[in-house]
4 protein chains.
Amino acid sequence: MKKADTNKLKVAICGASGYTGIELLRILAFHPGVVITAVTSEKSAGKKVLDIFPFLAQYKNLVYEPMDREKLLQKADLFFLALPHGASQEAVHYFFSKGKRVIDLSADYRITDASTYAEWYGLMHNYNDTLRKAVYGLPEIYRKKIRKARLIANPGCYPTSAILGLMPALKSRLVDLSTITIDSKSGTTGAGRKADLGVSFCEVNEGFKAYGIATHRHTPEIEQEISSLAGKKVMVNFTPHLLPVDRGILTTIYARLTTQMDTKKVLSLYTQAFAAEPFVRVLSEGTFPNIKHVRGTNTCEIGAKVNPRTNTLIIVSAIDNLVKGAAGQAVHNMNLMMGFSET
Amino acid sequence: MKKADTNKLKVAICGASGYTGIELLRILAFHPGVVITAVTSEKSAGKKVLDIFPFLAQYKNLVYEPMDREKLLQKADLFFLALPHGASQEAVHYFFSKGKRVIDLSADYRITDASTYAEWYGLMHNYNDTLRKAVYGLPEIYRKKIRKARLIANPGCYPTSAILGLMPALKSRLVDLSTITIDSKSGTTGAGRKADLGVSFCEVNEGFKAYGIATHRHTPEIEQEISSLAGKKVMVNFTPHLLPVDRGILTTIYARLTTQMDTKKVLSLYTQAFAAEPFVRVLSEGTFPNIKHVRGTNTCEIGAKVNPRTNTLIIVSAIDNLVKGAAGQAVHNMNLMMGFSET
Amino acid sequence: MKKADTNKLKVAICGASGYTGIELLRILAFHPGVVITAVTSEKSAGKKVLDIFPFLAQYKNLVYEPMDREKLLQKADLFFLALPHGASQEAVHYFFSKGKRVIDLSADYRITDASTYAEWYGLMHNYNDTLRKAVYGLPEIYRKKIRKARLIANPGCYPTSAILGLMPALKSRLVDLSTITIDSKSGTTGAGRKADLGVSFCEVNEGFKAYGIATHRHTPEIEQEISSLAGKKVMVNFTPHLLPVDRGILTTIYARLTTQMDTKKVLSLYTQAFAAEPFVRVLSEGTFPNIKHVRGTNTCEIGAKVNPRTNTLIIVSAIDNLVKGAAGQAVHNMNLMMGFSET
Amino acid sequence: MKKADTNKLKVAICGASGYTGIELLRILAFHPGVVITAVTSEKSAGKKVLDIFPFLAQYKNLVYEPMDREKLLQKADLFFLALPHGASQEAVHYFFSKGKRVIDLSADYRITDASTYAEWYGLMHNYNDTLRKAVYGLPEIYRKKIRKARLIANPGCYPTSAILGLMPALKSRLVDLSTITIDSKSGTTGAGRKADLGVSFCEVNEGFKAYGIATHRHTPEIEQEISSLAGKKVMVNFTPHLLPVDRGILTTIYARLTTQMDTKKVLSLYTQAFAAEPFVRVLSEGTFPNIKHVRGTNTCEIGAKVNPRTNTLIIVSAIDNLVKGAAGQAVHNMNLMMGFSET
């Protein structure tokens, strides 16, 4: 740590050799208020960050360490946890109960109802008191709560794109809640950094498929937040697909309008709803998002169209799954918690 | 023409330098009953096929010619027309009225109602008598008519995937017709072979976007056929997307079930419905199509899943847009018309 | 086995769940003289071929079995072995010594000098008598020997592209043998079908790198054959690179000319040299190969250019690494051995 | 222009709707010392930057204008010219002769010898006095001159990767100058942003080819600079290839060593030579560059290996063609000229 760093926030990243962890390192490299004091990785413990990821040249002296919680506790004041679901439960509780700030990028603290969590993730939640303290880290909905929180459950990538896409329509009660269909397409980094035949180049390249139809674990997360926005329990059809690209999620959402309304009116509502948001861009009529345009950014692009023949609202939203869908939003949440500039 | 070719069907391909035309050449290269006697291309007139497409080595002596209809008439008995929409109207009529067999790969003879055609394509149909003779070339529905037809309107790529995906559900009256949503994703050959910034590599690669939302011209074609299957007028939401791959269409279809029914029951209906079809493969429970698995083939793969929480049927179908979605289906239709083996 | 199959050659494929094995199945599906009677795979033993590769619909009843040599011996008369290097040594010897025909797609019988093999592969060769019986299966050089052989060492993918690219130049003594540089670029199927982070989509996609510089095991295989063509010992620079595509090898070869000579003259020599070859296509002046044009084919495309400023001959050759570089060439060799038609 | 901007350097970009121009906008968006006061584009004149490139959100009010030189002269003090070769000659001269600073990203002022320029570009150079004032903008060689220059000829993308890769070897007289072969592979943005069948997705994707063999216009630029480094006239073999990726150049260089030397020794020389360079990273033994690791960065990664069997030095260098190969290096040059921080 250089001298100038002594006033900076000390940050540790647990699980820093996956795509989300690397992206956190990349984004924080230029953050003026932060210094990374520890990174953990079971697989890569003992190795220099630079030896595995030579492009992270800013972290010349950073070495992966195994996850020794007591030791880590001394090293940092804020912890980003990019651990697998399940594994995060206890680690979050530990750091949080020791008074640290925690931003959890797993799903373990997103579902506020422990029985729903148990049903979809096949795991009991053992830290219900801590769970109740967690704030769902979508700044466009929970900015005020996030500013005061000490524990953030950072949203999933699909939910981020789906919830932002539906938010104004639900708040303004535009759509029939029993007709919501969410058809999402994600780049392959969404599957994680791993040795697996299913994500090998020759299986993914020039291919495209749906998976987890009607059973994907992001479903209850989406339903929880849109039910909350709608003021009543909502169930949706949610189908994820695997795109042969590195990064990006495009989500196409269909919902029957409750009254007749044209595209212009819908877009005007959307534009207003997000007017103050630095990271949401509502596109003008006739323009629709492309994941390429949000690549590497923390922006969510949204386009909308009414199909008058079926009186259906069609929303298309695009994010970079590793940035707005994970690491970028996590840093946004940190900025809000710490009173740093949002952008 | 070699001696052995004298008993073969003489075939001309008009518009043979686009992706569909090339694919026709590729498929027919090994067809035992056919000899290609003429290929036309305005842009490439005078050039050898081999000079532009060196991999079509079978056509050593084939030279592109301009489209001189009188001359072509002498050369062939069956005409594949892979011309732009609009341009095909008159050419089809000409060859058909001269007693030739015609397989039209444009949209000009697909829409049986001339006013619907006018509305979506912005063109009057000037050959209503000929239009009435055209048979929609989807063998899985119209095999008998195709056998006796002299004019085939070869289906569009998106409609092929959507109609086959819905066919058994509609025939068996499984779904609420007011709830059909069709979310399609197509490879870039679907946009045609052309110099255009929008399909340039750096715009498409690592990108993904929706286009033609609620306005795509394949909508009335889909609605015509599924209305016919359903026995009443149906309107649908149809959204095409552009995939960063060469070939392939994956279509994800959502429709509310009218009664409760599980996935097993639906799949059993689908399997029965397509049991005799050489080019449709219904996948077993839990397995879903990948465009990679149908690449280069004339097969339509179909998977199905019931979401019991929303009582919605979700169908996923995959085809190669250039084969089952265009040239392969055209050859299948030719085989049926001529009494050749289907496969 | 259907009745009509009783006169066909009974073929077994050992190691039939890798990319090469699948490609063999794909190519042989339409071979009129052959019936596949057994396929082996350790990982997939007990599974139907169709369950893993639904597009191989011709093999409805084929089930992967473990490699029980005694059992296999009864089932087939010709064995394709697509096993890892090293593992192939003994299996080849076994089937060959029992009087069977063998086409080995590993490297184990390509290097005629056992000590060179030991040096580059780190393995002793335990079957020198069998090794001496092996014929290097490059039909463009060894067609006559292949016709009479019972054991074929099927060439590696890089060597196929490099040797064919250099063959006429070496035979005609055009180049300075001390100046040969071979810069090859291969698609990712070349790395095999496996769970490995290095070939995962997000590592390979949008990437490009060299590997095995000056140490790749195909080096001695290339040197053996070009030394033989040149009539004296040659050493080369050989650098392979990994392309973000499924299939295809493009090899760019540089060699100083011994006399001055223009491109036209070189191309005329090349065209003559390969005039009778069904699977080599020499391109006309100013035209150069693209891996896309040979995708899925057994063709090797070759282009040539003389740089008069440096008096250097530059050859570019392209093949599909899985077809001409592996399975297609293996079937070509089988056709030669069995007296089937070559094409 | 906001108030705070009044002390900033006023910058105009001519030709700001191509890939290089966009990349300049992207990089300068966060530059603290610069304000963009004008952007030109013939095709897009009158359109907002934001309407075409919605991700360039920082430039809300920037509108493309046609290239009216008198008007532009009033607006800016430094001009980036990203115009086609030939078109740049006069524009550079105009702004330069009016006392402005100019960074030219075309080839027009790179070749110091006007007759060589005429020979390779087919154009006379009409501004020899201005040409003599131009400094070749490769900071690793000409940093001192650049600091004092008013006119920078920004290097080509291929030359940047080739010259940096060879620089230490030439300075230390390691290699036989008659044996240099440069085999380069570039992403498709290198071909520019244009409607052209040759760069359409379906032609490039899953393809790979060489082009411009022995005739590419970057050849004299490479030869000029390496001749200068070597202290005598050098001619090279240079072959560019087209990679199916957006960005990145990987260059593999071969040259015979004049004495025996191992990899370690070469790498130690290279590491020393670039020790003070912020944008060159020499990799450790056994590690080689991947274009993916330099994507979006201004870094040139270099790896080296000696092949002792042929006594040849093999260098691999990687850059992002749009950043270090164009816009990033241009900004680096601006920083040097203006005394801004280099990084």
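Predicted model: local features only at pLDDT ≥ 70, side-chain atom pairs only at ≥ 80, totals over all residues.
Visitor: What should I keep in mind about the model?
Guide: Local features need pLDDT of at least 70, side-chain atom pairs count only at pLDDT 80 or more, and totals for chains, interfaces and linings use all residues. Residues are numbered from 1 along each chain as its sequence is written, chains are lettered from A in the order in which they are written, and side-chain values use heavy atoms, without hydrogens and water.

Visitor: Why are H1(C) and H13(C) called oblique to each other?
Guide: Helix H1 (residues 19–28) and helix H13 (residues 323–338) of chain C pack at about 45°, with axes 9 Å apart. Angles under 35 degrees count as roughly parallel, over 145 as roughly antiparallel, 65 to 115 as roughly perpendicular and the rest as oblique, so the pair is oblique.

Visitor: What makes up the contact of H1(C) with H13(C)?
Guide: Contact means heavy atoms within 4.5 Å. C:Leu24 and C:Ile27 are among the H1(C) residues there, and C:Val331 and C:Met334 are among those of H13(C). The residues divide into nine nonpolar, two polar and one charged.

Visitor: What makes S9 and S12 of chain D edge strands?
Guide: The order of the open sheet is S9-S10-S8-S11-S14-S13-S12. S9 and S12 each have a single partner strand, so one side of each lacks a neighbour in the sheet. Two strands pair if DSSP finds at least two bridges between them, and S9(D) and S10(D) have two bridges, in the antiparallel sense.

Key
Axes fitted to C-alpha atoms, helices over the stretch in contact; angles between N-to-C directions. Helix = DSSP H or I, 4+ residues; strand = E, 2+ residues; numbered from the N terminus. Nonpolar A, V, L, I, M, F, W, Y, C, P; charged D, E, K, R; others polar.
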